[in-house]
Every structure is written in C-alpha cells, then in structure tokens.
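Thanks, everyone. Please bring the structure up on your screens. I'll take the salt bridges, then the ligand, then the cavity.

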Amino acid sequence: MNATEAMLTRRSIRSYLPDPVPDDLLNKVLEAGTYAATGRGAQSPIIIAITNREVRDKLSALNARIMGTESDPFYGAPVVLVVLARKDVPTHVYDGSLVMGNLMLAAHELGLGSCWIHRAKEEFELPEGKELLESLGLDADAYEGIGHCILGYPAGEAPEPKPRKENYVYRIA
Ligand SMILES: Cc1cc2nc3c(=O)[nH]c(=O)nc-3n(C[C@H](O)[C@H](O)[C@H](O)COP(=O)(O)O)c2cc1C
C-alpha cells in the first residue's frame, strides 16, 4: 500500500478485538509518528504508548467523565497512544496533529485499526492526567494534550467513507 492509497482507504475504527498489538508493529507505528514534520523541526510532541490495561482503563474512565458518559470512549482498543506537545512551541497543536495523522496512517498500512479520540487537552489539565505525566518524570504543566490514537485489530469491516463535500477544493490555475 502506498501513502496515497493509505490516505484514501484509512477509516476510523470503532470496534476492536481484545488481541494485543505485537511490539514490532507498535514500534513501527510509533516511529512513523516521530517522523512527522514539526514547526522549525522543534519536535514539540511526545507520544505516550499505553498498553498497560489498568492505565488504559483509568484514562478511558477519565475521558468518559469529561464527555459525561460511562461507556468506553476507546471502543475496547487495547492500545492508546496519547500525543501531547510542548505548550511553549507556537506550532505545538499543528505539530501534534500531524503526529496523530502519521500514527493513524502507519497503523492502517500495517493492518491495524485506529481512531482519533478527543478530549486529551481537558484530560491533561486534570490532576489525574498530570499525575500520569509526572509518573514519567515529565513537567506536567509544560504539555498540552492533543489527541489519543487508539489502536488494535478491527472487529469487523471498516465503514464506508462519506462522500467528500462539494467545494472542498478551490483551484486557482
Ligand atoms: C480532532 C478529531 C477529534 C476526533 N474525536 C473523536 C472522538 O472523540 N471519538 C470518535 O469516535 N471519533 C473521533 N474522531 C474521528 C472522526 O469522527 C472521524 O475522523 C470522522 O468521522 C471521519 O471518519 P474517517 O476517519 O473514517 O474518515 C475525531 C477526529 C478528529 C480529527
């Protein structure tokens, strides 16, 4: 699968098998994330790769609380890659978003399902989120949560994409 094909065929997956993601695949996805372009090459983002069930479940509960539900916002996915980025870098939200894009495309190319799950910003403003960062020796106040890329083997077919809207592209030739 080439890059363009991956971009056109990737879909958000919202149902997962409980099977773990092998480490070699996970490492490839993570490496792709680290090669995203970043403003001035500052590499402002970090990726926290969570495969520990207890930590994954705690984060899911925190995300659900922010959303005001009790269901699992991570749709049963066994892996959660949290992307955060340094607030003091002016391009940090763009940088982190591009990392998210790389992660999702690499996952797709490797036969894994993925989905961007929101509310990382709110999560890491809460004491529970800050504690998680501090447990890794990070300065919790220096980072803004950008998104969660959930990963796993899809439990079923990928959905069809919506047709692209009219006037998505304006050409000036
Ligand atoms: C910034 C952003 C936030 C998103 N947040 C969520 C989310 O919290 N939960 C979810 O199920 N999907 C989320 N998505 C996935 C979108 O709903 C999905 O990309 C969109 O419906 C298009 O589907 P596709 O990815 O299959 O093309 C998010 C996507 C983006 C880019």
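**Salt bridges, ligand site, cavity**

The count of salt bridges here comes to 7. Keep in mind that this is a predicted model.

Let me pick one of those bridges. Arg56 and Asp72 pair through their side chains, with 2.7 Å from N to O. Why pick this pair? Arg56 sits in helix α3, residues 53–67, and Asp72 sits in the loop between α3 and β2, so the bridge ties together parts that are 16 residues apart in sequence.

On to distances. A polar atom in the Tyr75 side chain is 2.5 Å from a ligand oxygen. For Arg10, an N or O atom of the side chain lies 2.9 Å from an oxygen of the ligand. His118 uses its backbone: a polar atom there is 3.0 Å from a ligand oxygen.

How much of the ligand does the protein bury? Alone, the ligand exposes 620 Å², and the protein buries 60% of that.

Last item, empty space. Rolling a water-sized probe over the atoms shows where such space is left. How many cavities of 30 Å³ or more does the count give? The answer is 1. The largest cavity holds about 30 Å³ of space.

Its lining is Lys87, Lys121, Phe124, Glu125, Tyr143, Glu144 and Gly145. Strand β4, residues 143–152, gives the largest share of that lining, with 3 residues. Sorted by class, the lining of this cavity has 4 charged residues, 2 nonpolar and 1 polar.

That's the tour. Over to you for discussion.

Conventions. Residues are numbered from 1 along each chain as its sequence is written. This is a predicted model: local features need pLDDT of at least 70, side-chain atom pairs count only at pLDDT 80 or more; totals for chains, interfaces and linings use all residues. Side-chain values use heavy atoms; hydrogens and water are left out. A polar contact is a pair of N or O atoms within 3.5 Å; within protein, one must be able to donate a hydrogen and the other to accept it, and residues adjacent in sequence count only if both atoms are side-chain atoms. Accessible areas come from the Shrake-Rupley method with a 1.4 Å probe; for residues, only the protein chains shown count as cover. On a 1 Å grid over the protein atoms alone, a cavity is a set of points where a 1.4 Å probe fits but cannot get out, and a pocket is an open set with protein on both sides within 12 Å along at least five of seven lines; lining residues have an atom within 4 Å of a point. Grid points are joined across faces, edges and corners, and a volume is the space filled by probe spheres set on the points. Helices (H or I, at least four residues) and strands (E, at least two) are DSSP runs, numbered from the N terminus. Ala, Val, Leu, Ile, Met, Phe, Trp, Tyr, Cys and Pro count as nonpolar, Asp, Glu, Lys and Arg as charged, and the others, Gly among them, as polar. A salt bridge is a side-chain nitrogen of Lys or Arg within 4 Å of a carboxyl oxygen of Asp or Glu.
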